[in-house]
Each structure stands twice: as C-alpha cells, then as structure tokens.
Amino acid sequence: MNAGERLTDANFPAHPEKATLEGKNKFLGFWLFLGGETVLFATLFGTYLGLRKMHLDGPSGEELFSLPLVFLATMLLLTSSLTSVYAVLSLKQNKVRSLQGWFIVTLLLGLGFLGLEIYEFIHYVHEGHTFTSSAFGSAFYSLVGFHGAHVLFGILWISTLLARNWNRGITLANAPKYYLFALYWHFVDVVWVFIFTVVYLMGKVG
Amino acid sequence: MATHESHKKRSGLMDWLTTVDHKKIGILYLLAGGFFFLIGGLEAILMRIQLMEPDSKIFTGELYNQLLTMHGTTMIFLAAMPIIFGFMNAILPLQIGARDVAFPYVNAVGFWLFFFGGLLLNLSWFLGGAPEAGWTAYAPLSTVAEDTGVDFYVLGLQIAGAGTLAGGINFLVTVINMRAPGMTFMRMPLFTWASFVTSGLILFAFPALTVGFFLLMFERVFDANFFNPDMGGNVLIWEHIFWIFGHPEVYILILPAFGIISEVVSTFSSKRLFGYSAMVFATVLIGFLGFMVWVHHMFTVGLGPVANSIFAVATMAIAIPTGVKIFNWIFTMWGGQIRFTTAMLFAVGFIPTFVMGGVTGVMLSVPAADYQYHDSYFVVAHFHYVIVGGLILGLFSGLYYWYPRMFNRVLNETLGKINFWLFFIGFHLTFFPQHWLGLMGMPRRVYTYMSGQQLDGSNFVSTIGAILMGLGTIVLLINIVISASAKHAATKDPWDGRTLEWAMPVPTPEYNFAQTPLVRGLDPLYVEKTAGNGEMTPAEPVGEIHMPNGSILPFFLSLGMFVAGFGFIYANWIVAIVGLGGVLVTMFLRSVIDDHGYHIHKKEVEADIKGGRA
Amino acid sequence: MANHHNTTEPTVHRHEEIQRKLALKEERKHHNVSFVMMILLTIVAFFAIWSDKISDSFAVIFILTLAVVQVFFQLYVWMHLSHKGHDFPIWGMASGVLVAAVTVASLMAMIWTS
C-alpha cells in the first residue's frame, strides 16, 4: 500500500501519525526540535528578564501593559490549543471533515490572537515604547515578536497543509504532518503561558 | 506494492547538487570543510609570518585583526564542524546498519546552508573587509564596528548554524530510530555514541547562539539596544549567551574525535575497547558537564568569588571522565597486537598531546591563576593543544582510517607517516613555546611585540613549527591526489575491521545493506569473524528497497538564505525580501509536491548480490 | 518497504474497536477537563495580580507555579507525553528545560553584579 492512499476505517491504524518509519522519525525529530526551541525561547526570556527594568525615560511595563487585552489574547490562544487537540482526536478516528473544521477554528483563533498583538504593538509605539527606545523595548519586542512570528508561521503552515490535503482524506503521509502541526501549536501556547506570566503579570508587580 | 516511476538518474554536477545520499553528503561536507581548513590554515601561517620577528610590519593592525578573527571562526565553524559532520554522515548510518539517515532531505538542506553560510562569511574579504572583532565577537567591540565585516560574520554564521542544528536533530533521530535489529544502545560503536552525544549538545547549545546572533544582528541592523549601556543594555548578555553556546561547542568538537580514537585504537590493537560501558558513561557525563562550566571563560569579568568557585569546581570535574577515557585507550593497547598504521600513529600521538592540553585546562580552571593567564598566549597554547592536538589529530586519524570506505582508495602509508611526523613535530614546535610566551606576558590577539623582551626566540620557533604543519598538510594533499589516480580500488575491509562499516563491498552500494544485518554483539563484524562466518547474517530476506528521491530544492533554499543575508548586511530590504521569499517558495514547493521516493526492485538487488556489488 | 504498518487485515476485531472508541472518549474527557483547569489557572493568576491584594513577592512565586502546572497539563495531556512511546520526547524536553533553566537563571542573576 502506498503512503499517499486514503485510509479507510477498515485499515486505519491506531496511531496513523506513527504508522510508518517516516512518521516515527518526524514525530521524534519534531519533539527534539521543540526541546531546542525551549532553549531558544529561554535565551530570549533571560535577556528580557535581565533588561526589563531598563526602560529609561520611556514608559515602564507597569504603566504600559493592559491586562484585560492580554487576558483576552491568552484565552484565544488557549482555546485554539483545545481545538487543535480536538482535530487530533478526529485524526485518530479517521474523521477528515471534522479534523478540517477544528483546524480552521484553530487557524481563525490564531489570526484573532495575531490581530490583538498587532493592535497592542501599535498602541505601545504610540506611547513611546519602541524597539529602539531602550533596552527594555528591544528585549520586549524580540521576545514577544519571536512568539508572534511563530504564530504567523503556524498559520501559514496549517493553511498550506489544509489546502493541499483538502480532498485527500487521511493518509499515512499526511497524518504525521497534521499531528506535528498540533504539537507545534501546543508548544506555541506553552511559550505564551510563560510570556503572559513573566512579561505581563510580573510586569505589573515589578 | 506500488512503485513510483518518478525517479530519474542524474549524473555529474547535477547529481552532487541534488543528492540526498548520506554517503555523498558526507563527501561534500569533507571537501567543503577541507577547503575551509586550508583557508583557515593559510590565515594562521600569515599570522605566524607577521609574528616571526619583533616589530614586523607585514600584516598589521586591522588586517591582522581580520586574519585572527577569520582564522578562529573558519576553523571552528567552517572546517572542524563540517569535517566532523562529513564523518558522521559517511560512517554513522553504516555503523548502526541503517540504509540512510532519518531525514535525507533535511540532511541536504543542512549541508547547503553550511556551504552558503561559509561562502557568505568568506566573501567579506572581497567586500569591504573581513570581520575583526575576534571569533567571540564581544560587544561592544562587535556592535560599534563601522564596516560590514561583523555583519558578514553574523549572517554567515547564522545561516551555517541553522544547517548544523538540522544536522544534529537528524543524527539523533537516526540513532534512536534506525538501528539494525540487535544493535542495542550498548552495542553501538563509540564513534556512534560520541556523535549521538555531540548531536544532543548541538540541539541544546545552538539555539542559544541563534538567539545571540539575532540580537547582535538586531543591534547592528535595526539599532536595538541589548548591549548598549547608554540605552540600558548590558554587554555581559552577549558574553553569557556566547559562552552558554561556546563551551558546549568545545565538547561538540572533541567528542567525535574521542569516538574516532576509540575506533582506531581498538581496531589497530586487535582488541575490544577496554571498559566500553565506562567509555559510554564518560562520554555522556562530559556532554552533561559541558553545559555547566561556561563561566570559566568569564572568570575575570568580576562575577564574584561564589560564581567563580562553583564554575571552577565544575570545570575541574570534567577532568575525571576525560581521565577515564585516557586510561581506557591505554589499557586497550596494553597487550594488544598493535599495528602502527598512519591512523594509529595519529591516535597514539593524540593521547599525550591531549593530556597536555587537559593539564593546562585544569590550570586555567583555577580562578586565581586564571587572572594571570587570561588573554595571554598561555590560553592560546591551551586551546590549540586540545583543538589541534585533540580534534585535528583525531580527524586526521579518522581520515586515514575511513578513507577506503569513503573513497574506495587506500591512502599511501609512507606519505601518511611523513604527513604525521611533519604535522606532529610542527604542532609541538608551534604551540609548546607559546606556553612560555604566555607566562612571560605576551598578550594574545596583538599583532606585534618588541625585541629585547625574551620573546623573539620562542616566536621564531613557533613560526617554523607552523610552516612544518603546513608542509604536513601539503603532503596529505599530494597523498590524496596520488591515491585518486591509483588504478586499484581498496578492498572492502583493509584494516581487519570490527564494526559494521567494513561489512559491505566497495564502493558502498547506494542502499548500503542489501539485507539489513543482524547484530549479535559489540563489534558485530568481529563477532561474525570469530564465529567463522566472515560476514554479517542478514535479518531480512532480499526484497524491494525504498529510496528517497534527490532534490534541487535544498540548494535553492540555501541560496535564498544567502541572498537574504546580503539584503540584511547592506540593509537592502528588497534583496532581503526576495531572498526570504525564495526560501518560503522552496518550503512551499517541498510541502505541495508529493514525493514518496522510489523503489529498487528485488531483481536489481539480487543481481547486485550475485555480482558482488552488494 | 515504504510503510511499516500492520493494518493489512481486512477487518478489525469488533471488540478492539469498541475498546478504542472508549479510550478516545476517555481522552476527550481528559482534554476537556484540562482545558477547564487551564482556564481556571489563568483566571486565578490574572486575579492574583489584578486584585492587587497579594504581596508582590508571593504573587510572583504563586503565578509562576500556576504557569508551570498549566504547562504540565499542556505537555502531558494535550501533547500526549503521558502516553506510551514518549520516552525520548520526555528526555528531549527535560534536557531542554534543564539548559533553559540554567540560561534564564544566569542571564537574570549574573549580569548586573559589580
């Protein structure tokens, strides 16, 4: 049987994402990549934590951050993490339409999150908090912007994946790809949990 | 089983540009790394010529700074690491009985990213001058430099580093998922183990460097303020990030050399490696400790006695697993039937040389003493003893050892021994006097010294040594040319090998093993030889073999990064967007073009076996 | 061999299929519970700061703990680290977290000393 063939309920494996050697390799390789990403974000977090008080004449985090807006963004991303896990459940049951539906919801929530983040950044720039205004500004936009870039890349990724496989059902070739995207998206949410806590909530208490 | 007819055989240049075969990528890494090794070596000899006599005025000031920066950067990132990756690619899958690496396509991406990154960095020589802030690029020296040299450094290494990270993940997954039946973790050859641990270090050390380079790039190109004290920044952030990467990098370099030495010593002593499990444990422990010691590069920063003491003790602790290795190599030779081939000579030369580098390392790990040694030639002597005396001797040993497997020719032993003695004697002549130069107060990275300070003699000897090392390398080149024109191919097992890479005919078939071998113990080929079989028992019947298709996309993806690199260096956003757009397009093409590879028919495999080609 | 899978039998045993469905149902329940938990943890953290009633130093430790708990939900329930066959992913993440912790600690604690 060919890895590109549509799976039927009769021949559907328990773990379609790991049913081939290629799938197993992708699964493990991506997890290891996420381990490396952890260090990447940690370096950005460390830089931010080292420099977060250095706002000079510009506004401090305490003056800038609007918690309700960030709380809303957090809820959007958290919910999108849930919908992507629903999509993985559909994947395991060979329900391709339901998988597509949940991933589209994920995608829309991700777009909503990005919209809020862009709105927030524009607002900050008007307040005099820019990338070049101080060490705090540079570190803030690097950390939060890196995360935003990850969200954007995820949106491009899932869009391509859905469009390419729209009429193909679930196959042994695309099941690992869906699964990997879900892992990626959860990881992006994990990073955000720390950004919410360390940057925004801790920013309010100094 | 459906087969795919999309496979077309490519030949010549196109074959090399599109290959995803780990054996060919290994050769590409070795060639490109070897080329950069010659460039880095030339830069070193030019520096030694400048320092041969006091008050010399051949390569002064800025030019000297460029030479020393490019020598260090090239040797670490563009010579040593790619040559290591060359051996890992060419040998590691064979040693574990795999048909390929886990991600052949990503493997090609990794190579081309390294190649274009290295090219970008070296083009700086012709485009306004090379970087001159040292290979460590400390801020604010690197952030205030006016010309584009440091931009080439940041962008070139960022691109090459992305390729390295991809390679690291690839080898980790290969080792975990693709071992042949019976090849348990505790039966893996030491080179595979060392490569596995090195890949783990790459995975966790390189992301820090990636961020460091981003910050430095933002600082230079987009006027960020991470390292600018006037705007609230702090230069120590760069120093920490660089060494959080930089110290594991030292172990990334030396562990594969340990692996090579273990293979060579065991093979040419005709003995099983002494204390195999202790060797494995020591390798893992060195890898772990490698992450906990970076502050010893920053003892003189003034982090205080507590921090310095903690990191001093951690640093000294590394001497313990390293000592275990040294003793195990000696005990492996003890009572063995030693054959002093060129590979073995390099391995035997490695052991005392590396011990000397290790001893000065322990001296440097004492913070109080380090205040004296810091930034002197003593440090230069130390790290050249571990990197040249350790890593490079190990790589030479591996080259002579695995050359028949990689290139189907045996290198000439007489020339090999000339190569060894010239290089070995040259090495000690170059770097041993530098210990004294350092203790007498000669600072590193300074382009001249005055006469009458008792520095003349040692510097002169040092330069003579460097020229001998250069001659040794030229002998190697001659040897390679002679072997390439030799008529007869190597036999499949010229050294009476013990591990799986010697179980196939030469040239190695593109699918490596016609039938996946069954591994029945440590040193699997030796096990079969003593059992009277002489060759591996297959673990599966002859069947169709699935192969990945070649692709030109890795080349264009990396070319896109190369173009984008220029865009960022010259702050030309159109070029940057075109380059990054090219990268995205190749990624998009890769994901929408279905490519399930192709199959080699059972009949072809059977014909290969019958004809002695598999 | 392109595909190493063992699903060539034409029919899956009925009993096994029922078991698999039950397992998936159970999984969905776990996902929902952890979603509710994560929402609650986020709200608690938010109000711990928003209300301004808790002392700052305690609040910081408190919300960091909540974040760590939440991340465990993500990793172990949503990303299935609790399932079989995740030994190497756990090793990879644990090593990453270790290096990450050392990195953050050093950049926080060792750049402003005199």
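In the predicted model, the contact between chain A and chain C draws on 48 residues from chain A and 46 residues from chain C. On the chain A side of this contact, helix H1 (21–51), helix H3 (67–92) and helix H6 (175–205) each contribute at least two residues, and H1(A) gives the most, with 16 residues. Sorted by class, the residues of chain A that touch chain C comprise 30 nonpolar, 15 polar and 3 charged.

Chain A also touches chain B, through a contact that takes 32 residues from chain A and 33 residues from chain B. Here the side belonging to chain A receives at least two residues from each of H1 and helix H5 (135–164) of chain A, and the largest share, 16 residues, is again that of H1(A). The composition of this side of chain A is 15 nonpolar, 14 polar and 3 charged residues.

As regards the confidence of the prediction, the mean pLDDT of chain A is 94, with 99% of its residues at 70 or more. Within chain A, confidence is lowest in helix H2 (residues 61–64), where the mean is 91, and highest in helix H4 (residues 96–126), where the corresponding value is 97.

Two packed helices are described by the angle between their axes and the distance between the axes. In chain B, the axes of helix H7 (residues 190–221) and helix H8 (residues 235–268) come within 8 Å and cross at roughly 160 degrees. Because angles over 145 degrees count as roughly antiparallel, H7(B) and H8(B) are roughly antiparallel to each other. The contact of H7(B) with H8(B) is made up, by class, of 25 nonpolar, 5 polar and 2 charged residues, and the crossing of these helices is left-handed.

Elsewhere in chain B, Asn533(B) lies in the loop that runs between helix H17 (524–530) and strand S2 (537–538) of that chain. Asn533(B) counts as exposed because it has 12 C-beta neighbours inside 10 Å, a residue being classed as exposed if 12 or fewer such atoms lie within that distance.

Technical notes: Residues are numbered from 1 along each chain as its sequence is written. Chains are lettered from A and ligands numbered from 1 in the order in which they are written. This is a predicted model: local features need pLDDT of at least 70, side-chain atom pairs count only at pLDDT 80 or more; totals for chains, interfaces and linings use all residues. Axes are lines fitted to C-alpha atoms, for helices over the stretch in contact, and angles run from 0 to 180 degrees between N-to-C directions. Helices (H or I, at least four residues) and strands (E, at least two) are DSSP runs, numbered from the N terminus. Angles under 35 degrees count as roughly parallel, over 145 as roughly antiparallel, 65 to 115 as roughly perpendicular and the rest as oblique. A crossing is left-handed if the near helix is turned anticlockwise from the far one by less than a right angle, and right-handed if clockwise. Ala, Val, Leu, Ile, Met, Phe, Trp, Tyr, Cys and Pro count as nonpolar, Asp, Glu, Lys and Arg as charged, and the others, Gly among them, as polar. Two residues are in contact if their C-beta atoms, placed from the backbone, lie within 7 Å. pLDDT is the predictor's confidence in each residue, from 0 to 100. A residue is buried if 20 or more other C-beta atoms lie within 10 Å of its own, exposed if 12 or fewer, and partly exposed in between; C-beta atoms are placed from the backbone.
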